[in-house]
Amino acid sequence: MTISPDPRAVPTVGHAPQEPANRVAHVDAAGLRWFVFALFFIFGGITSLNDIVIPKLKGLFTLSNGEVMLVQSAFFAAYFAFSLPAAVLVRRAGYMRGAVIGLVLMAAGCLLFVPASAAGIFPAFLAALFILAAGITVIQVVANPLISFLGSPATAHSRLTFAQAFNSLGTTIFPLVGSVLILGSISSVDPAQLSAAARAVFRVQESHLIVRVYLGLAAAILVVAAVVWTRRRSLQEIPDDDPSVLGHPGALLRRPRFLFGVLCIFLYVGAEVSIGSLIVFYLEQQTVLGLSAVAAGEHVPFYWGGAMIGRFIGAYVLRLISPGKVLAFNAGVVLVLLFISAHSIGPLAAWSLLAVGLFNSIMFPTIFSLASEGLGPRAKQGSGLLSMAIVGGAVVPFIAGHLADWRGLQFALLAPALCYAGILSFGMYARRPAADALG
């Protein structure tokens, strides 16, 4: 199927017609939707693998909760560093070529796990994760606005949520496999009891488990990049006539609705990643489930799987109910679940925390699309700024990790709870269409 956008129609997200801006002249919409779904699956799955790598690296390098959260800090710092350059890249190279560049950069990051393992030092793994995340940043800048263009603007919220369901499919499958391949053979040896030389050898041997997984990912990503390259001309874009390098991002940040949305992307990703990163440690507690690291890791897919189910449901619900109201409701439920988990023990504490994933489901795509309403030709710049806000995944987990070291894992849930309170406020603020809302 091909589509030729009506110049009066909205090529971005929103409830009502806006200025023409999708910068797409003619596309095979059906085929490209599946391509974008595949991108969401890949970068979602790789991101969630951090939740499995964290306990492995914590054991290998005898780190505290706060120290091991540098994994997330290094990973999500790349969003802050590369989002605006990625937006410039996509403006110049286009969506398809930009996707190829992002995939190749991801593969390079995966391959850097080889020298990181050989070096046997924690910062080397952080560097590999940073490069991997740089590639994912480019893919995010491509995928989020592109899926909004490939269909009716009236259903953009629903379509982005449906695409995010494939992201959640990846975040459900990858930790399940990763827990077996990476955590499945955690050694009973305590590195702290070894001599410096023996400890270095031990870390290299044990980190080979991580390397094998990322080498496999690199090979798969390069295959996908090759396929995308063969279809690089399937999307014909209208050149951006804005001569500025960054497209005046400051003008977007002067829009209250957009600025609030950027803040909420920061809060949401920070909260989601904090909980995902702490789940294994949380379920290992004797007051919760007292599981082994492997068994706790096998529970991580319940968190991400809940988000997948919620996104398929949400894609339908968002066609019927104001996205802002749905966002506020879900954030309110999450606050209740966090309160229950922090003030209970046993299965209730465990499953109330895992259930957060179900209500996280629609948050990222809904915040993204609500913030993007009415951006017109500046959709790519908006996507770059919103992707930049994903740096919340570097900041909030670091804070939560130190709160856990200070007062315990239950107390650490305060960090994501404050984030969800901000998201609830944005849902109420943005419950009306952009054309009718202040700012």
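Predicted model: local features only at pLDDT ≥ 70, side-chain atom pairs only at ≥ 80, totals over all residues.
Setting aside neighbours within four places in sequence, Tyr214 makes contact with Leu49, Asn50, Val53, Cys110, Phe113 and Leu132. Tyr214 belongs to the largest nonpolar core, which has 137 residues, and together with Met363, Tyr420 and Ile423 it touches the most other members. Helix H7 (residues 122-149) supplies the largest share of this core, with 17 residues. One of the contacts of Tyr214 is Cys110, and this cysteine counts as buried because its relative accessibility is 0%.

Ser207 sits in helix H9 (residues 196-230).

As for cysteine pairing, the count of disulfides is zero. Take Cys419: the closest cysteine sulfur, in Cys264, is 9.5 Å from its own, so the two are too far apart for a bond, given that a disulfide needs sulfur atoms within 2.5 Å. Cys419 is also buried, at 5% relative accessibility.

Helix H19 (residues 392-407) passes a simple length check. Its 16 residues should span 22 Å at 1.5 Å a residue, and the end C-alpha atoms are 22 Å apart, so the two values agree. The buried residues of H19 are Gly392, Gly393, Ala394, Val396, Pro397, Ala400, Gly401, Leu403 and Ala404. What covers them includes helices H3 (65-68), H4 (70-93), H11 (256-284), H20 (409-412) and H21 (414-429).

Turning to the aromatic rings, the count comes to 23 pairs. In one of them, Phe61 and Phe122 have ring centres 5.6 Å apart and planes at 45°, so the pair is tilted. This pair links distant parts of the chain, with Phe61 in helix H2 (residues 50-61) and Phe122 in helix H7, 61 residues apart. Phe61 counts as buried at 9% relative accessibility, and Phe122 is buried too, with a relative accessible area of 11%.

An edge-to-face arrangement turns up for Phe260 and Phe426, at 5.0 Å centre to centre and 70° between the planes. Because Phe260 lies in helix H11 and Phe426 in helix H21, the pair ties together parts that are 166 residues apart in sequence. Phe260 counts as partly exposed, at 22% relative accessibility, whereas Phe426 is buried at 0%. Elsewhere among the rings, Trp34, Phe37, Phe162, Phe166 and Phe312 are linked by ring pairs into a cluster.

Conventions: Residues numbered from 1 in each chain as written. Heavy atoms only, no water. Buried < 20%, exposed > 50% of the residue type's maximum accessible area, 1.4 Å probe, protein only. Helix = DSSP H or I, 4+ residues; strand = E, 2+ residues; numbered from the N terminus. Core = buried A, V, L, I, M, F, W, Y, C linked by side-chain atoms within 4.5 Å. Contact = heavy atoms within 4.5 Å. Expected span 1.5 Å × (residues − 1). Phe/Tyr/Trp six-rings, centres within 6.5 Å; stacked < 30°, edge-to-face > 60°.
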